[in-house]
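Subject: Structure handover

Hi,

Here is the structure I promised to pass on to you.

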Amino acid sequence: MSKKLALIFALAFAFSLTSAVIVRAQNAQQKTPTPAPAPTVAATTAPAQTGTMLTRTADGHEYAPILEKTLNYKDWTLKSLKDGSPVNLRQWAKGKKLVLVVYYAPWCGNWKMEAPVVARLYEKYKAHGFDVIAVNEYGSQEEAKAFFGAAGAPYTVVVESEGREAREQTAHYTYRQASGDPRRWGSPFNIFLEPATLKKTGDVLAEKALIVGGELIEKDAEQFIRQRLGLAAQASVEQCEQKTL
């Protein structure tokens, strides 16, 4: 028994010495500083915001995709920028296949970048049942008229508000908040409506609407418009005209 005990004590002593060596080695490794990770290069495009999926680019654009949102979008009657006459949205939209309601501020840089896109789409597809109505926000009628120039806007323009102090009282602000847009300001804000599907009576025109909570992505918007108007998809490369020899 004494020999066995002696052997056990010897093995235990050897094990304790080995453990101590291992612990000292681990401590030494922990004290060795690890190199700092290489800095990442800032992306040219900011991450998309939740809600409207708005994306800011390095050149100042704020693009957003077309999304379906529950807004309970209401009918409205607003004064025409051109002559002050009342324009009712439900009545104005009758007989059209697809309409775009775009809320804008005349001083907003992003609206200034989107405006040519809206004009191009309107001119290209107005003969196919597409129409645009723009709602002026947070800028005076004089500012709005100056923005469109002496010839005026090619499409209908109405006025909801004329001062920045009205921001939280506008329908524009209400719909942006309902769509999940966290920004204090948000121009332009685009809403596509199909008149054939709108409610014929009542305050609410559509419970759900297709919105763009930022600038239109022109290629995507045009593809969407053509689809809703029943037009054939555009070929990526135009075919050369065949000539008879």
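Predicted model: local features only at pLDDT ≥ 70, side-chain atom pairs only at ≥ 80, totals over all residues.

Let me start with the rings. Tyr104, Trp111, Tyr122, Phe147, Phe148 and Tyr155 are linked into a cluster by ring pairs. For this, rings of Phe, Tyr and Trp (its six-membered ring) pair if their centres lie within 6.5 Å; planes under 30 degrees apart count as stacked, over 60 as edge-to-face and the rest as tilted.

Residues are numbered from 1 along each chain as its sequence is written, and side-chain values use heavy atoms, with hydrogens and water left out.

Back to the rings: there are 10 aromatic pairs in the structure. One of them joins Tyr104 and Phe148 edge-to-face, at 5.9 Å centre to centre and with 80° between the planes. That pair links distant parts of the chain, since Tyr104 sits in strand E6 (residues 98–104) and Phe148 in helix H4, 44 residues apart. Helices (H or I, at least four residues) and strands (E, at least two) are DSSP runs, numbered from the N terminus. Are Tyr104 and Phe148 buried or exposed? Tyr104 counts as buried because its relative accessibility is 1%, and Phe148 is buried too, with a relative accessible area of 14%. The cut-offs are under 20% relative accessible area for buried and over 50% for exposed, with partly exposed in between (1.4 Å probe, protein chains only).

Now the chain as a whole. You will find 6 helices and 10 strands in it. Of its 245 residues, 38% count as buried. The chain exposes about 15100 Å², and carbon and sulfur atoms supply 57% of that; such areas come from the Shrake-Rupley method with a 1.4 Å probe, and for residues only the protein chains shown count as cover. Among contacts (heavy atoms within 4.5 Å) with a separation of 6 or more, 70% are between residues 24 or more positions apart.

Next, the pockets. The largest pocket has a volume of about 250 Å³. A pocket here is worked out on a 1 Å grid over the protein atoms alone: a cavity is a set of points where a 1.4 Å probe fits but cannot get out, whereas a pocket is an open set with protein on both sides within 12 Å along at least five of seven lines, and lining residues have an atom within 4 Å of a point. Grid points are joined across faces, edges and corners, and the volume is the space filled by probe spheres set on the points.

The lining of the largest pocket has 13 residues, and those nearest its centre are Leu81, Lys82, Ala151, Gly152 and Ala153. Helix H4 (141–148) and strand E8 (156–159) are the elements that give two or more residues to this lining, with H4 providing the largest share, 3 residues. By class, 7 of the lining residues are nonpolar, 4 polar and 2 charged. Ala, Val, Leu, Ile, Met, Phe, Trp, Tyr, Cys and Pro count as nonpolar, Asp, Glu, Lys and Arg as charged, and the others, Gly among them, as polar.

The second largest pocket, at about 210 Å³, is lined by Lys219, Glu222, Gln223, Arg226, Gln227, Leu231, Ala233 and Gln234. Its lining has 2 nonpolar, 3 polar and 3 charged residues.

Thr52 lies in the loop between helix H1 (2–31) and strand E1 (55–56) and counts as buried because its relative accessibility is 0%. Leaving aside residues up to four places away in sequence, Thr52 touches Ala64, Pro65, Leu67, Ser179, Gly180, Asp181, Ile211 and Gly213. Met53 is in the loop between H1 and E1, and has a positive phi of about 60° although it is not a glycine. At 40% relative accessibility, Met53 counts as partly exposed.

Asn72, in strand E3 (residues 67–74), is not a glycine but has a positive phi of about 50°. Finally, the peptide bond from Ser187 to Pro188 is cis, with omega near 5°, and Pro188 is in the loop between helix H5 (171–178) and strand E9 (189–193).

Cheers
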